[in-house]
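Please prepare a briefing on the structure shown below, covering the fold of individual chains and the way chains meet.

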Amino acid sequence: MRQIVIKPRRGFRVPVEAERISPDVFAPLSIEEIRSLQVWEGNRKVTLSDLFEISGESEPAPPEETVISLSGDFSGVKRIGENMTCGKIAVAGDVGMHAGNGMAGGEILIEGNAGGWLGREMRGGKIAVLGDAGDYVGAGYRGESCGMRGGEIRIEGSAGDYLGEHLCGGTITVVGDAGDFPGIANRGGTIVIGGDAHLPGAEMASGTITVRGRARVLPSFQRLETVEIDGLRFDKFLGDLVDGGKGELYAASVEEG
Amino acid sequence: MIIEGGIVYDPKNGVLGEEMDVSIEDGRVVEESRDGEKIDARGMLVLPGGVDAHAHIAGGKVNTGRIMRPEDGRRGTEPRTKLLRPSTGYTVPNCYAIGYRYARLGYTIAFEAATPILEARHTHEELEEIPIVDKGALTLFGNNWEVLECVRDGDLDKLAAFVAWGLRASRGYGVKVVNPGGGEAWGFGGNVKGIDDPVPSFNVTPREIIRYLMKANEALRLPHSVHLHTNNLGKPGNYETTLATLRAVEDIAASRDRQVLHVTHMQFSAYGGTGWKDFESKASEIADYFNKHDQFTMDMGQLIFGSATTMTADAPLEYANARLLKAKWSNHDIELEESSGVVPIVYGRKNPINAIQWAIGLELALLTEDPWQMIMTTDHPNGGPFVNYPEVIALLMSRPKREEELATLHELASKRSSLPTIEREMDWNEVAIVTRAGPAKILGLPEKGHLGVGADGDVSIYEIDPEKVDPSRDHKEVKAALARAKYTIKGGEVVVRDGEIVAVPQGRTYWVDASVPEDQAAKVEADLASKFAKYYSIQMSNYMVQDAYVTRPRVIKAGVI
Amino acid sequence: MIVEDVLCPFCGCLCDDIKVEVEDGRIVGVKRACRLGSSKFMGHERISGPMVRRDGELTETTYDEAYDRAAQILKAAKRPLLYGWCSTVCETAKKGILLAEEVGGVIDSTATVCHGPSIIGIEEKGLAGSTLGQVKNRADLIVFWGANPAEAHPRHTMRYSSNSTGMFTPEGRGGRKVVVVDVRRTRTAKNADKFILIRPGTDYEVISALRMIVKGKGDLIPDTVAGIPKSDLEEVAGMMLAAKFGAVLIGLGLTHSRGRYKNVDNALSLVADLNGFTKFVVLAMRGHYNVAGFGQVCAWETGYPMAVDLARGAPYFNPGETAACDLLARKEADAMMVVAADPASNFPRATVEAMAEIPVIQVDPFPNPTTFLADVVIPTAVCGIEAEGTAYRMDGLSLRMKKVVDSGLPTDEEVVENILDRVRRLADDN
Amino acid sequence: MVIILKAIMISGRTLGQGASLEAKTSPEFFKATSICALSESDYDDLGISGEANVLVRTEFGEVVVSARKDDGLPPGVIFIPMGPWANAVVGMDTGGCGTPLFKGTEAEVEGTKMRVKDIQELFADLLRRGGDRS
């Protein structure tokens, strides 16, 4: 394994766009070449080493044997691990928006919180967040009919609104609460929410959403039966009938009124 | 400027692949240039600048497509440079991308195909932003209340006066008719089912609307003929409507040396079958008819696999599309004048309908014997974006390419069309006709589409040697060369070199100013004053497109003498 | 002198029939305009002259110095935000977008605190709309959802909607039904045939229930939806299905409430559903007279209607990330230029605090709280009264605004162009 | 004892606010905008009368505005015209779509003897903070 360690030299008030921080990009490069990769700080083109201290083995290695360790506050750094296909990124801290954009394989572990659009349009691989995640986890780009198509996202804390919007595949697990409209327009993905959710599964055509806490359920969902999963009783709903959906929604507790 | 030694195809002037020089001075082709600039075109193909007679490139519909499709916007993104504004979009590019991409293809003029008078100001705002190419807009008349009333009252003179007024009000170039009567019916959610189905509330039929508008068009001696999008477009079995429409106007004569009617994006109007299950091509029936009736012309409306954005004044069609595809749907009805719709679509190779549609466009182009009756288009972005023109040309020039493609398509493309049996391969002269000389003649643009003395100095030069390359076999080379002009010259200025934009001049906007007798004009004004007082939501004085919106006009005079 | 058919530079109605009386180069009377429009024509206190902040105080200066300062601020910024553009003409917006490209900025309009969510909804579902005249001539049912034209668009009902007359609507209000859905009984609601009072933040659920009923699945929904008896919803759905031409006119009640763009998204779906049975259109009741125009210009120039990030030279669009309030909430903007808008008043307080920490350039005819925070203040002519240009009505119709009187002040467009020129010169120097 | 009303705060356009929209420093704008409308029952429940002021508090801030009765408001919903007074208590979260939640903030309302700040006063503390002014 080749490990590259990256530490911010300072805080970033202006966001940094660093889609080059990816095992696929780093793998064939020497450490010096990695340092001189171009990233953007707002409207300024800078090199990676202008903003970050970079250390690690100098010799190139295959991407699947490349581990990128991010140490410090990366909450102002966007697009980390974009389109990565293998290897690993481990973040000891927070990350900014769009981490794991279009990711097809490999692994991202975030010990802190993740910004919005985590795993946007993800196709494969794994993302784990020990803290909270922002809005649009595993969602699509605006106007697209598909968000995440495959892979796994697990969030130990809570997630923001529009979790898994336009989900077309893959699995998202949120141990805490989800915000408004988790699984909206779901087209075949699986979402498990440990806590509460507001209007889950709106417009879903297929797929499964499980809310182990309390959910406010749309009037366009039909309550079918009570089922037991892992020792917890759930109301099972079919929906979203407003668009002829055949998705399954399980809610342990339903908000009335 | 002298373009030296290229292999020139200039069909209008009978130049068929001759090695010769082309001289340009003060923006026009001249016998001999004293100016020093020389362009070495030896071993290269030299054509007049491309002419796009039908594309949706500006105005409300196009911008609606952009606004509702950010996912399209992000495709084709290119950052700004010192010379260029940024580009975005594939099916609905921003204005700059439209100009740059036409220029890179070697096209130097393009016509927006459908503009309602009420919203023409918007169309011109966008046309003004499209760089490099010349442009114009066709004005929609087929569902306008004033038109319907003139037809109902049988008042051809007043109709002609209104058409002249409407062209001036919209700074429009020609008469576009889309699903005549259907757009008005859509005002209450209806449609017309054929050319003899009366339009609700107005008691006129599409047949009458088309005939009257054609007669008015010819009375005004407009440079272009009526430009028709047929009723029932996009529906299985519609070839019968298309043929019925043509038969209904066989007696009308053209007032100028051109067609009397142009039927646009014929691919969408050449369908057989009673439904989608037995959907089939009727391209050969349509082409047979055209081969016997040289007073009519058409354009292909070729389908391109992949993403497209359908946009048309045929609003009921778009609603049907959206429901069928479960796609997002925009609609825009325009008071007293038109309706329109926008729906994204992805054409799939393995989709039997799309595969047959793809074959139909090619059949039409190849079975119509006279290339002067046919224009190569994709009905951008309905059949697909115009950047795919090189693909279409390669298909027209190469039977092996067509066979390669057919092998990747749903088998019904071969079974329900005659495309596999068609041997014809267009040559460079025919390509020059269907992309340059033909559309220029059909539009009535004597200074475009050729390289004779006095023509506009619009030239495209491609890095392909017609004497060495066999387009049938080397179709990939053809496509690659056409996609990236070695040089595009616009008005005597090099705007593209080696496929890159090197200058960004502003083109001109064509519009037609047709004169009519004063008494007829007065009758129209009186009618309109009443309509504005009662029905329009704006004042008549704020209606007409002001000169500020057409800053570089090229005004073509026409009218009743 | 009476100037006829003047366009009103206030709300999205963009009324174009105003009569303005001018004497000695001053407006002395206005006819036909509503209270909002008249007030604007008759004039307000103006910014006295260009100013720059020195030692904490705004101090009068020359236009040249103001332009120079503005250019320096924008050029120095890594994340400049160029905001506003809706109470001005399209010609200003065009120059503004070019300026944003030149300085690698983010450009956004007041739609972001208005109908921005409606646009995001349109990106999901499309917009089944029409011009306002189509509503006037045909609509026999008007539904105002979260919209209160009686106060926000006072002439809307008379000119275009409930009370207008047209070809197929000769009886005007008498031949129409009006439904209002809102969280309070507004002045508009008081004129309705049917008023549905909903709880704030329940729009989405109520629309879903209506869609179920419209699609014949009403028996599957509960007896009450967010507190509303099903029978009320059935009555509204029945009115919708009975209409020959219905118009749903949506307001900020949808976009500013919980659910935001998804509320609009669902309303657009309802209208699409209804078109399977009868004719329906939906229109957003846009606020500023040219907020629609900025969206149009921005779309044809950059491909996107608002919230466009040009930092990397290629347009990038993602409200939630690239909208004005996003940048300020995350304190990432390091300079701000405000043209024809007042974010200090209209943004949440905590967002405004971020403005107070960065250099702010204001281009506007009128003093307002944004002036209090500005470092450079550049007064301009009032578009549509003292300057001509293009504006787009709420339904997307473009019209040319007139110049009625001369102010001697530069136009917004000229100011932006002057700053652009100076930015380019700074670039050349480097 | 101070009576505290829990309510949902919404903001929006009014004619008066609109007519003085471009005259933000005018007394008309102050009069039209620095107010809070309450349902009659909520108003009465607060134990206030006449030209009373109320303090509106949310998790994002607080503001003093003058109270009005509005028979169109249901109990539990309060209305402040759009503008800086309303925005003093609106949160900055943009809900992933760029737009703050101008309608629907949970608020507490109580009668107060405190004065309504005029527009200059409302921004006074922001002015003092001023950032890099070089």
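How many helices and how many strands are there in chain D? Chain D holds 5 helices and 6 strands, where helices (H or I, at least four residues) and strands (E, at least two) are DSSP runs numbered from the N terminus. This is a predicted model, in which local features need pLDDT of at least 70 and side-chain atom pairs count only at pLDDT 80 or more, while totals for chains, interfaces and linings use all residues. Residues are numbered from 1 along each chain as its sequence is written, and chains are lettered from A and ligands numbered from 1 in the order in which they are written.

**Chain D**

- Read from the N terminus, the elements of chain D follow the order β-α-α-β-α-β-β-β-α-β-α.
- The C-alpha trace of chain D spans about 50 × 35 × 30 Å along its principal axes.
- Of the 134 residues in chain D, 50% are buried, a residue being buried if 20 or more other C-beta atoms, placed from the backbone, lie within 10 Å of its own.

**Chain B**

- Chain B contains 18 helices and 24 strands.
- For its 561 residues the globule rule gives 24 Å, and the radius of gyration of chain B is close to this at 22 Å, so chain B is as compact as a globular protein of that length.
- Taken along the principal axes, the C-alpha atoms of chain B fill a box of roughly 65 × 55 × 45 Å, and 64% of the 561 residues count as buried.
- In chain B, 77% of the contacts between residues at least 6 apart in sequence join residues at least 24 apart.

**Contacts between chains**

- Among the 5 pairs of chains in contact, chains C and D share the most contacts, with 61 residues of chain C in contact with 48 residues of chain D.
- On the side of chain C that touches chain D, helix H15 (residues 349-356) of chain C supplies the largest share, 6 residues.
- That side of chain C divides into 29 nonpolar, 17 polar and 15 charged residues, where Ala, Val, Leu, Ile, Met, Phe, Trp, Tyr, Cys and Pro count as nonpolar, Asp, Glu, Lys and Arg as charged, and the others, Gly among them, as polar.
- Chain B and chain D are joined by no contact, and their closest C-alpha atoms lie 14 Å apart.

How values were computed:
Buried ≥ 20, exposed ≤ 12 C-beta atoms within 10 Å, placed from the backbone. Contact = placed C-beta atoms within 7 Å. Rg over C-alpha atoms; globule rule 2.2 N^0.38 Å.
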